Protein chains: 8
Amino acid sequence: MNAAQHPPSDPDWATLDYDRADRTGHPEVVFGEGKTPEQLVGALRLLAEAHPDRAVLATRVSASGRAAVRAELDSAVVDDDGRTVVVGPWPEPVGLVAVVSAGTADAPVCAEVTTTLRAFGAGVDVVRDVGVAGIHRVLAARDRLTAPDAVVVVAGMDGALPSVVGGLTSAPVVAVPTSVGYGASFGGVAALLTMLNSCAPGVAVVNIDNGFGAAVHAARIALRARR
Amino acid sequence: MNAAQHPPSDPDWATLDYDRADRTGHPEVVFGEGKTPEQLVGALRLLAEAHPDRAVLATRVSASGRAAVRAELDSAVVDDDGRTVVVGPWPEPVGLVAVVSAGTADAPVCAEVTTTLRAFGAGVDVVRDVGVAGIHRVLAARDRLTAPDAVVVVAGMDGALPSVVGGLTSAPVVAVPTSVGYGASFGGVAALLTMLNSCAPGVAVVNIDNGFGAAVHAARIALRARR
Amino acid sequence: MNAAQHPPSDPDWATLDYDRADRTGHPEVVFGEGKTPEQLVGALRLLAEAHPDRAVLATRVSASGRAAVRAELDSAVVDDDGRTVVVGPWPEPVGLVAVVSAGTADAPVCAEVTTTLRAFGAGVDVVRDVGVAGIHRVLAARDRLTAPDAVVVVAGMDGALPSVVGGLTSAPVVAVPTSVGYGASFGGVAALLTMLNSCAPGVAVVNIDNGFGAAVHAARIALRARR
Amino acid sequence: MNAAQHPPSDPDWATLDYDRADRTGHPEVVFGEGKTPEQLVGALRLLAEAHPDRAVLATRVSASGRAAVRAELDSAVVDDDGRTVVVGPWPEPVGLVAVVSAGTADAPVCAEVTTTLRAFGAGVDVVRDVGVAGIHRVLAARDRLTAPDAVVVVAGMDGALPSVVGGLTSAPVVAVPTSVGYGASFGGVAALLTMLNSCAPGVAVVNIDNGFGAAVHAARIALRARR
Amino acid sequence: MNAAQHPPSDPDWATLDYDRADRTGHPEVVFGEGKTPEQLVGALRLLAEAHPDRAVLATRVSASGRAAVRAELDSAVVDDDGRTVVVGPWPEPVGLVAVVSAGTADAPVCAEVTTTLRAFGAGVDVVRDVGVAGIHRVLAARDRLTAPDAVVVVAGMDGALPSVVGGLTSAPVVAVPTSVGYGASFGGVAALLTMLNSCAPGVAVVNIDNGFGAAVHAARIALRARR
Amino acid sequence: MNAAQHPPSDPDWATLDYDRADRTGHPEVVFGEGKTPEQLVGALRLLAEAHPDRAVLATRVSASGRAAVRAELDSAVVDDDGRTVVVGPWPEPVGLVAVVSAGTADAPVCAEVTTTLRAFGAGVDVVRDVGVAGIHRVLAARDRLTAPDAVVVVAGMDGALPSVVGGLTSAPVVAVPTSVGYGASFGGVAALLTMLNSCAPGVAVVNIDNGFGAAVHAARIALRARR
Amino acid sequence: MNAAQHPPSDPDWATLDYDRADRTGHPEVVFGEGKTPEQLVGALRLLAEAHPDRAVLATRVSASGRAAVRAELDSAVVDDDGRTVVVGPWPEPVGLVAVVSAGTADAPVCAEVTTTLRAFGAGVDVVRDVGVAGIHRVLAARDRLTAPDAVVVVAGMDGALPSVVGGLTSAPVVAVPTSVGYGASFGGVAALLTMLNSCAPGVAVVNIDNGFGAAVHAARIALRARR
Amino acid sequence: MNAAQHPPSDPDWATLDYDRADRTGHPEVVFGEGKTPEQLVGALRLLAEAHPDRAVLATRVSASGRAAVRAELDSAVVDDDGRTVVVGPWPEPVGLVAVVSAGTADAPVCAEVTTTLRAFGAGVDVVRDVGVAGIHRVLAARDRLTAPDAVVVVAGMDGALPSVVGGLTSAPVVAVPTSVGYGASFGGVAALLTMLNSCAPGVAVVNIDNGFGAAVHAARIALRARR
C-alpha cells in the first residue's frame, strides 16, 4: 500500500486487493471476462487511484468494455488485438524478454504478452512467425533467443516450437499454447500437451491463450535478473 | 490364392484370410496380442504353408509366444526388441524408406517398423536418435530425408519431430507416436495429437506404437514408386 | 527460390517461407483461419509473385476472405464448398488418386481434398457416397480402389469405411475423419479413433476435416510413383 | 418367488433379490468382480436353492473363484475362457441368436455371450472371425445374419463390424465393443464410439466387454419373438 | 427393390441405397444434417418414388428443410418438435413399444422415437415424465412397462431411469441418453455412461439424442415378435 | 492445541498440523498412501500423543502399514476391509447417519465410511445392498432414510442410487461414487458423473472411493444437528 | 400433499410431483432449461396452487421465460442475475449458511445459491470476492466461516478456495465449481476436479454452476441443525 | 564442446548431443526410462568423459539401473528417493531457489527437484509439508517465499498450493503437479489443471511429476539473476 495512504472504499460487487503490489511487486490486474463495462471502468478507476505511479492493466476486455474505457478513461491505452487496457504511466523497461511466435494467427496472444511485459516493466524483443515447418527461420533468429533474460514462445496447432527453441538457448523458456487449430487440436489442448511433454528441458507452460500469465512470469525473471 | 492350390483347413478358433495377398499384395499378418502360443504357432504354420514363397509376419508377440516359435519353427526369425516373428523367405528390397527416430526409448517401435518394411519388401535407411531439442542432428541428416520414397518418423514425448522433418522433405511422411513419456503424455496421446496437428503439410499418422501400420503404408508407397 | 531472383519484402505481420518449394516441392500454402481478408489477399499476392509458374493455394478461407479474393484477384479460382482459393496456373496432372467418401455430408471435405490434389499436380478420381451400411456400393467400386497410386477415404460418424477399403486394395490409404455426426461423435473424434484403430493394415490418418493434409500426402505419393 | 415358498436367509454381506425372476423373467445373476470365493460360492448356493429349476449364472469370476466353485459345487459348469459359472439345469433353447465376432482375440467375450444366451434359454449360432478387412468373409455368412431373431456382434479395435452387419440384416443388432487393441483404442473406447455412431440404423450398444448384457438383451428378444 | 421396376437415376450429389428395404426391411432414411433443402426434398422424392407403398422418413431436418418440404411435398407429415418428415402411407402398427421419458425437456427426442416407430410399423405407448427422483411415478406405470415387446427409455441429466425400468420388466430395454443437462453432463455423456454401466441387465444403449436409432432397434423387435 | 501443552517435535519428513482440532473440530488424519510403515507409525504416535483424549485416524493404509501398526501400536484398531487404523479412545456417538450401499463390491468403501463416522463421533445405521435394479429393496428401507441427520449413499457402476434416495428423504445426501465396474465405468468416473448430474436436489458428491471425505462431511452435519 | 386437498390436473406435457414436499420437505422445483415460457408459467401456477403457503422456485429461467413470468405472475420475484423466479410467500429464515465466493465473475452462481437458500428457508451470510491469491482476505473473514451451520463456497478457475476454507472451519463445506475461466479450465472441469480432490476433509461438491443443488444441501443442514 | 577436444564415438544405440552444454549451458541429461542398465551406464560414461568438469545427471533411473551404477561407477551419487544419479563434480551453488511442498507423499518429486537444482548449480532452500488445508503453515514460511530468485511449488491432490504461494511472493513461481491422489485426481491431471488455471498470476507449470523440468527452469532463472 505504498501509493495511497487511505485505500478507496470497495464497491458492492467486489473486494479489491489493494496491497497486492506490496506482496507481489505489481498491483492487482483486472480480469475482464464476466465483468460489465461499468464494473471494468470502476475497477480500473479504483486501482489507478490506489496506484497513481503504476501502470494498471486489464486483460480479456470485451469490445463493449473497451468502448466504455475509451469513452470514460481519457488516458487509457486500449489494444484491440490483445484485448488489453492500460491506465497510468508505463514503467521504464528493465531487462529483456524475447517473444517468439509460430504463426500469424497467434498474433492476439502475442499482443497480450508484449503489453503485459511492458506494463510490468520488462523490455521486449518480438520474433515473429518462425514455425518449425520452416526450421531455417528459427535458426536465423538464434542470437535473439540466447541474449535475453527469458524467452516466451507462443504457438498453436502442434505446439512444437518451444521444443526447438528450448534446445537453442540457455535462457528460461515459458511456452504459451494457443487455441489456433481445428479438429484434434481441441481448442489448444494438443499444443498444451506438446509443450508439457517437451523434450527440451526447462520449458514451463501456462494455460491455453494465457499470454498474460506467461508475461508476468517472464517479467519477474527479467526484473530479478537485473536488480 | 496364388501360392496354394488348396487352402489348408481353418482351425476351430479362427477363420484365416488366405487370399488377402491377392487383394492387398501381402499375406495376412498375425496380430499376436491375445493369442496363446499354440494359436500363434498354428496360425504361422497355416499361413506359411499357404504362402511358401512369401515372408509371413507376426507382430506384438509375447515372450512366451516368441519362445514357442523358437522351439517349434526352426527357420523363424525372432526379434525380441520389436516383438516380431518372420517365417519364410525375405523378399528382395524394392525402393527406399527412411526410418527416423527421436530417442533411444523409441527403439522397440523402430524395430517393428524396420522388420515390417523388410518383410513387405521395401529397402530401409535408419536415422537414429535425432530429437528436435538438438536440431543440428536433424539438419545433419537432411539428405537422407529427401532421397527416399517415403519417410517414417517415430517419436514419443512431445512428438515434435515429424513437423520438423515434414518441412525438410518432399517425400510423404508417416508419423508414429510412441508411448514413451509420463504424466501428461497419457501413454502417447500427447505425441499423437501433436502429429495430427502438425504444421508441416503431408504428415499422416498411425496409432500409438503402431510401427507395423506405418511400415505397411510406407512399403506400399515404395513398391508403387518403383513398379 | 527457383521462381524469383529477389524475394518480395515480408509484410509486417508475417514471415513468409519463400523457399519451401525448393525444400518440399510445393510453395507455402496459406492457412486461412485467423487471417483478415487483407492479410489473405496480401499473402496470396506475395506468394503468387514469388512463384509465377505454380498454383498457389489457400485453405479454410472464410466467406469474407473469399469475397475479398473475388474482388481483388481476378484470376483466382474460388470454391465455396471446400473454402479454397487457387491463384496461378494449374499443373498438368501426374498419377492418380482415388477420393472415396461415405456420405453426402462429407462433400465439403472432399472438395478440399480434390482441389488440393489438383493444385499439387495429381490426377483425381472421385467415388462418392459409398457408406459401409450399403456394402455393395463399396464392392461395386472395387476396381477404382485398386488402380490408383493412392486412395483417400473421407468419412464421418462411425468412420468405418477406411477399414473396408483398406482390405480391398494394395494402394496406400489415407483416411480423413470428418466432423459429421452428433452426440458421441464428439466432432469427429469417434471417426478419428476408428481410423487410428483400423484393422486393415496400411491406413494412415490425418486430423479431423483435414482434407488438405491428406491430399498433400497422397499427391506426394502420386508424384513419386510416376517420376 | 415361484420356486421357493420360504426364501433362504440373507448372508450378512448381501441382500439378495430373490424375486427378480418374477419381475424380469430370470433369477439374479452373480457379478463375480470384487467378491471373495466364499461370497461367490455362498451366493450361488442361495440362489440355486431358491430357483432349483433354473440355471443360475455367475459372470466375471476370478480364477480363485472358479477354483472354489469347482471344489465345492459339483454340478457347476465352469468356463475359463468366458469366466462364467452355471449351476442348475440348462433350459431348452427357444428362438435363435447369431453371435458374430471380428477376431480371435474377441473369443473370451464371445464365450460370455454364448453361455449367457444358453443360460437364459436362447438358441445360438456362432459366426467367428469375420473382420471387415476381409469383407468377403462377412458376405459369405450373410444368410446366417438374416435368419435369427437377433444378432450380437462382438468387435474390438476399430469396431466397424456392426455397421456392415447392420446394413445386411433386418434383425435387431446388439453390438459389444471389446477391449482388444492398444494405444488409441483406449481399452475399447474407440470401438464403443464407433458402434454408438454406426451409420447402420438399429444398432444398440452395451458396455465394453459386456457380453453378458448383450446376451440378456438378445435372449429377451428371442424369447419374446417365439412366445 | 420390390417397389420399383427401374430405380430412378441418382442425383450428382449422392448414391442412394434403393434396395436397402430388401436387405434390412425398410427403405433408406434421409439423415437431414448437412443437407441443403434442395438435397433433402430431392432425396425424399427419389426414395418415395422408389417405394410408393412405404413411409419414407427424414430425421434431424433443419427449420429451412422443413419449410422446403412443406412448400414442395404436399402430403408430407412434418413434426417440428422431433424435426422429422414422413412421406407416403403410414403402415398398420404391429406389436407394441413403450416409450418412457424422464423429464419434459426430453420431449424432442421422444417425438423422434415415436415418429420413427410409427413409420417403421410398430405400435406405441408413451409414458411421460417419470423421473427417478419421484420413484412412485415409475412404479405407478409398472404394468405399462411389462406388457410391450420392447421398452425405449429416454433420459438426460443423471440417466438413471433405465436402471430402474430394467429391474421392473422382462422386455428388452433400449436406453436413449439425451443432451439435457449442463456442466458435468457434458452434452449427454454423463447419461450415456450411466446407461452403459446400468446395473440392470439387458439394457442396450444408443448414441446421445439418437431417438431414431433406438426406435429402429425397438421396431425390429416388435415386428419380429409378432411375425 | 487443547490436549498437549507442548507439541511434540516434528519429524524430518513432515510438518504436522497439531492445532487442526482447534480449527476444524478434529485432529489431523493420516493419509496412508505414499507413506512408509515407519512414517505411518511415527505420525500416528505423534498425533496420539498430542491428542490423548481423541480417536486418531489413518486411512488408505497399505497391508505393510497395517502390519506395522499391529506390531507396534498395541491399542490400535485395524480394519483390513476399509484399510483404516484408529488409535485412542472412540468418542460417544452423537446424532445418526445412514450409510446406504448399492452392492456387495462397495463394502470396502462402506467400511471406510462407517469407521470414519465413528472416529469423528457420529452414530451410524448401515443399509446394505439396495441397488436400484431391485427398487423394492430401497423402498423397504424408506424409514431408515428419512430419520437420520444425514444420509451417505455409496454406489459404483451406474451410480443411480443417490437419485432415488434423494427423492425419498429430506435429509442432506452425500454420494460416494466407487470404482466398482469395468469398461466405460472408467474407474468410477461414470458413477461420479451420474451423481453430479442427479435429478434429485440436494445431493452433494465426493471423490471416487472417498468414503472418508463423505463421512467427515456427514459427521459434521450430525454433530451440528445435535449440538 | 398437505396444502391441497385435490391436486390440480396435470398438463399434457408433464407429470408434476405434487407430494414431493411430503417426501423431501420442499415442493418440486421447476428446472427452466428446455421449457417454453408457456410451460414455465404453467408449471409455476400449478405448483403454487398446490402449495399456497410455500415459496415455489424456478431456476435457469431464460430471458424470455423471465419476461413471461413478469407479464403473467404479478407476485413473482424475478432475479436476472441468478436467473431465478420465486412465487408465493418466503419462509422465515432458520439457521445460517455462509456463502463464500472467489471472484466477481462468480456472482450469478452466488445469486442462485442465496435465492435458493432463502426459498428453502435458511438464513444467509454472503462473504464476497475472497480469492486465495489474496489469502489475507480469506483470513479476515475467518469468524464468518466458523459460526454458520454450513458453508457454501463458490469458485471458478483453479477452484482452490474450498481447500483453504475447509481447513479453517468445523462446519460442513459444500463447494460449487463455476464455469468461469478459459482454456484448460474446460468450462469448470478444472475447478470441479480441484474440489473433488480437496486436501481439506469434509468438502462435498456439486455439479458445475449448480448453485441450486449446493443451496438445497446446505438448507437441509441448516433446517436440521435448528429443528 | 568446451571440455573435450575429440568427442567420444557414439554407441550403436544412440546419438548423444555432446555440444548441448555450449548451446544451453548444461550437458545433455540422461532420461532413464526405457534404457537398459548397460545403456544407462554407457551414456553416463560417455557424457562424463566429454564433460569432466561438470556434474552429469540421470533421472527416472530404475532400481536395476541404480544398482548397475553403484556397481560400475564408483564416484556416482545415487538417490533412491528421487531416482537420480549424478556423476562428476558438483558445481558451486549460485543464487537461491525455494522448493515448497504440500505433503509428505510429494517427497520423491521434491528430491528430483533438489538434486537437479544442485547439479545445475543453484542454491536450494526446502520448505516442507505446508498444505493449504493448514494455511497458517504457509504463512509462517512467508519470508522464505519472498527472498529467493525463484520458487518451485510441488503439490498433488487438489494442487492448490501454488495459487496461495503465488499471491505471497514477487518471485517467479514454477508449479509441479504430482501424481499423488486417487480417483478423480486422474494420476495428477487434477493438480495439473488447478495449476494451469491458477488465479495467482505468474505461475508457470511443468508436466506431472516433472521435478527435473521445473528445476532446470528455476536453475536457469537463478543463474541469470546472479550473473
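**Note on salt bridges and the D–E interface**

1. At 11% relative accessibility, Arg66(D) counts as buried. The model is a predicted one. The side chain of Arg66(D) meets that of Asp80(D) in a salt bridge, at 2.7 Å from N to O. Arg66(D) belongs to helix 3 (residues 63–72) of chain D, while Asp80(D) sits in the loop between strand 3 (77–79) and strand 4 (84–87), so the pair ties together parts that are 14 residues apart in sequence. Asp80(D), at 39% relative accessibility, is partly exposed.

2. In chain A, a network of salt bridges links Arg66(A), Arg70(A) and Asp80(A). Over all chains, the whole structure holds 40 salt bridges.

3. Asp125(B) and Arg144(B) form another of these pairs, with their closest N and O atoms 3.1 Å apart. Asp125(B) is in strand 6 (residues 122–127) of chain B and Arg144(B) in helix 6 (residues 142–146), 19 residues apart. Asp125(B) is partly exposed, with a relative accessible area of 21%; Arg144(B) is also partly exposed, at 38%.

4. Between chain D and chain E the count of salt bridges is zero. On the side of chain D that touches chain E, helix 9 of chain D gives the most, with eight residues. That side comprises 18 nonpolar, twelve polar and eight charged residues.

5. As to extent, 38 residues of chain D contact 38 residues of chain E. The area buried between these two chains is about 3,100 Å², and carbon and sulfur atoms give 51% of that area.

Terms used
Residues are numbered from 1 along each chain as its sequence is written. Chains are lettered from A and ligands numbered from 1 in the order in which they are written. This is a predicted model: local features need pLDDT of at least 70, side-chain atom pairs count only at pLDDT 80 or more; totals for chains, interfaces and linings use all residues. Side-chain values use heavy atoms; hydrogens and water are left out. Contact means heavy atoms within 4.5 Å. Buried area is the accessible area (1.4 Å probe) that two parts lose on being put together, summed over both. A salt bridge is a side-chain nitrogen of Lys or Arg within 4 Å of a carboxyl oxygen of Asp or Glu. Helices (H or I, at least four residues) and strands (E, at least two) are DSSP runs, numbered from the N terminus. Ala, Val, Leu, Ile, Met, Phe, Trp, Tyr, Cys and Pro count as nonpolar, Asp, Glu, Lys and Arg as charged, and the others, Gly among them, as polar. Buried means under 20% relative accessible area, exposed over 50%, partly exposed in between (1.4 Å probe, protein chains only).
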